[in-house]
Amino acid sequence: MGIIAWILIGLLAGLIAKAIMPGKDPGGLIVTTLLGIVGGLLGGFLGKVIFGVDSIDGFFELSTWIAAVIGSVIVLAVYRAVTGRSRVHA
């Protein structure tokens with residue numbers, strides 16, 4: 001897949017992950033897209049390691065989207081845990 005496809009999948013997977021895990025997040029559209037891209041890569045890697053399938057086949061493949069969303073939820077949870085601890089509330 002091309003870089004534009006990865007960015008589009010990342011954006012949409014990041015938005016879906018934020019919808020699944022509601023709450024206030026620091027960062028806007030760029031952070032959401034980056035988290036989604038990282039999540040898509042993580043989801044594809046985990047799909048290959050755990051299930052032995054190539055879960056990032058193509059833009060219109062359901063497995064690509066499922067892997068991207070699951071990976072994005074994981075990355076978003078880690079991001080929230082890391083950024084939540086680093087803030088100092090006075």
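Trainee: Among contacts in the chain between residues at least 6 apart in sequence, what percentage join residues at least 24 apart?

Mentor: In this predicted model, 67% of the contacts between residues at least 6 apart in sequence join residues at least 24 apart. Two pairs illustrate how sequence separation and spatial separation can be read together.

Trainee: Which secondary structure elements does the chain contain, and in what pattern do they follow one another?

Mentor: The chain comes to three helices and zero strands, and, read along the sequence, follows the pattern α-α-α.

Trainee: How does the span of helix α2 agree with its number of residues?

Mentor: Helix α2 covers residues 29-51, and at 1.5 Å a residue its 23 residues should span 33 Å, while its end C-alpha atoms are 31 Å apart, which agrees with that expectation. After α2 comes Gly52, whose phi is positive, near 70°.

Trainee: Which residues of α2 are buried?

Mentor: The buried residues in α2 include the glycines Gly36, Gly39, Gly40, Gly43, Gly44 and Gly47, together with Thr32, Thr33, Leu35 and Ile37. For the chain as a whole, buried residues make up 36% of the 90 residues.

Trainee: Which residues does Ser72 touch, and what does its side chain reach?

Mentor: Ser72 is found in helix α3 and is buried, with a relative accessible area of 1%. Leaving aside residues up to four places away in sequence, Ser72 touches Ala13, Gly14, Ala17, Leu35, Gly36, Gly39 and Gly40. Of these, Ala13, Gly14 and Ala17 fall within the residue range of helix α1, whereas Leu35, Gly36, Gly39 and Gly40 are among the buried residues of α2.

Trainee: Where is Thr83, is it buried or exposed, and which backbone oxygen lies 2.8 Å from a polar atom of its side chain?

Mentor: Thr83 is found in helix α3, which runs over residues 62-86. Its relative accessible area is 17%, so Thr83 is buried under the 20% cut-off. A polar atom of the Thr83 side chain lies 2.8 Å from the backbone oxygen of Tyr79.

Trainee: Which residues make the nonpolar surface patch?

Mentor: The patch is made by Leu62, Ile66, Ile70, Ile74, Val78 and Val82, and amounts to about 540 Å². Leu62, one of these residues, lies in helix α3 and counts as exposed because its relative accessibility is 62%, over the 50% cut-off.

Key. Residues numbered from 1 in each chain as written. Predicted model: local features only at pLDDT ≥ 70, side-chain atom pairs only at ≥ 80, totals over all residues. Heavy atoms only, no water. Helix = DSSP H or I, 4+ residues; strand = E, 2+ residues; numbered from the N terminus. Expected span 1.5 Å × (residues − 1). Buried < 20%, exposed > 50% of the residue type's maximum accessible area, 1.4 Å probe, protein only. Contact = heavy atoms within 4.5 Å. Polar contact = N/O pair within 3.5 Å; in protein donor to acceptor, adjacent residues only side chain to side chain. Patch = residues over 30% accessible without salt bridge, like charges linked within 9 Å, V, L, I, M, F, W, Y side chains within 5 Å. Areas by Shrake-Rupley, 256 points an atom, 1.4 Å probe, with all protein chains shown as cover. Salt bridge = Lys/Arg side-chain N within 4 Å of Asp/Glu carboxyl O.
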